[in-house]
Amino acid sequence: MLLDKNVIQETHYEVLNVKEDANYEEIRASYRSAVLSLHPDKLLKTSETSSSNQTAGERFLKVQKAWEILSNSSSRLFYDNELRSSRQDVLAAEVAEDLSLQDMVIEDAGEVLELFYQCRCGDYFSVDSLELKKMGYSLLREGSRISILNVDSLPGSVILPCGSCSLKARLLINMDDN
């Protein structure tokens, strides 16, 4: 779904009922199936109500538009980039705070290091070294200093939900600050 001015809209992939990584043939097959079932000439032959025909007509136009965008490789690439950008904007809007590794309270629980940051509600945003390892980041403790290692050494971020409320924080991982 695509968020636009606080209104949730179907993506072109959802309109055609295909995955976002679908190939041209999968998109084409889904489009053909939808067009055959929603075509206005076919609807005239059935004895459906006029409001149902109007809804099917609107759906038909959505299918046509989705096909127009997704069948052309350059327009699909542009659409995919816009879709990705809008999702990042939505995610960024949901984040209450940006945190650095230095903002986190670190507890050593034996083989696992746990990172905490207190939320406004009194509970905590948290992540442990095992979760970070699954994401490709390794935490190392050198005395009182904690550093993060990553094979590609690119900056990144991890979204941390609060344990109690709906707020989220973004742990910014800047490989230069280690």
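Predicted model: local features only at pLDDT ≥ 70, side-chain atom pairs only at ≥ 80, totals over all residues.
In what order do the three strands of the open sheet stand? The legends below treat this sheet, the aromatic pairs and the protein as a whole.

Figure 1. The three strands stand in the order β4-β5-β6, and their pairing is antiparallel. The edge positions belong to β4, residues 105–109, and to β6, residues 124–128. Each of these two strands has a single partner strand, so one side of each is left without a neighbour in the sheet. From one strand to the next, the twist averages 25°.

**Figure 2. The pairing of β4 with β5.** Strand β5 covers residues 112–118 and runs antiparallel to β4. Five bridges join these two strands. Within this pairing, E107 stands opposite E114 in β5.

**Figure 3. The aromatic pair of F116 and Y124.** A search of the whole structure finds five aromatic pairs. In the pair shown here, the ring centres of F116 and Y124 lie 6.0 Å apart. The planes of the two rings meet at 75°, so the pair is edge-to-face. Are the two partners buried or exposed? F116 has a relative accessibility of 17% and therefore counts as buried, the limit for that class being under 20%. Y124, at 38% relative accessibility, counts as partly exposed.

**Figure 4. The aromatic pair of Y117 and F125.** The rings of Y117 and F125 are stacked. Their centres are separated by 6.5 Å, and the angle between their planes is 25°. Y117 has a relative accessible area of 23% and is therefore partly exposed. F125 counts as buried, because its relative accessibility is 1%.

**Figure 5. An aromatic cluster of Y24, Y31 and W67.** The residues Y24, Y31 and W67 form one aromatic cluster.

**Figure 6. The setting of the close-up views in the whole protein.** How many helices and strands make up the secondary structure of the protein? There are six helices and 10 strands. The protein has 178 residues, of which 31% count as buried. Its exposed surface comes to about 11,700 Å², and carbon and sulfur atoms supply 50% of that area. Among the contacts with a separation of 6 or more, 50% are accounted for by residues 24 or more positions apart.

How values were computed
Residues numbered from 1 in each chain as written. Heavy atoms only, no water. Helix = DSSP H or I, 4+ residues; strand = E, 2+ residues; numbered from the N terminus. Buried < 20%, exposed > 50% of the residue type's maximum accessible area, 1.4 Å probe, protein only. Contact = heavy atoms within 4.5 Å. Areas by Shrake-Rupley, 256 points an atom, 1.4 Å probe, with all protein chains shown as cover. Phe/Tyr/Trp six-rings, centres within 6.5 Å; stacked < 30°, edge-to-face > 60°. Pairing = 2+ DSSP bridges. Axes fitted to C-alpha atoms, helices over the stretch in contact; angles between N-to-C directions.
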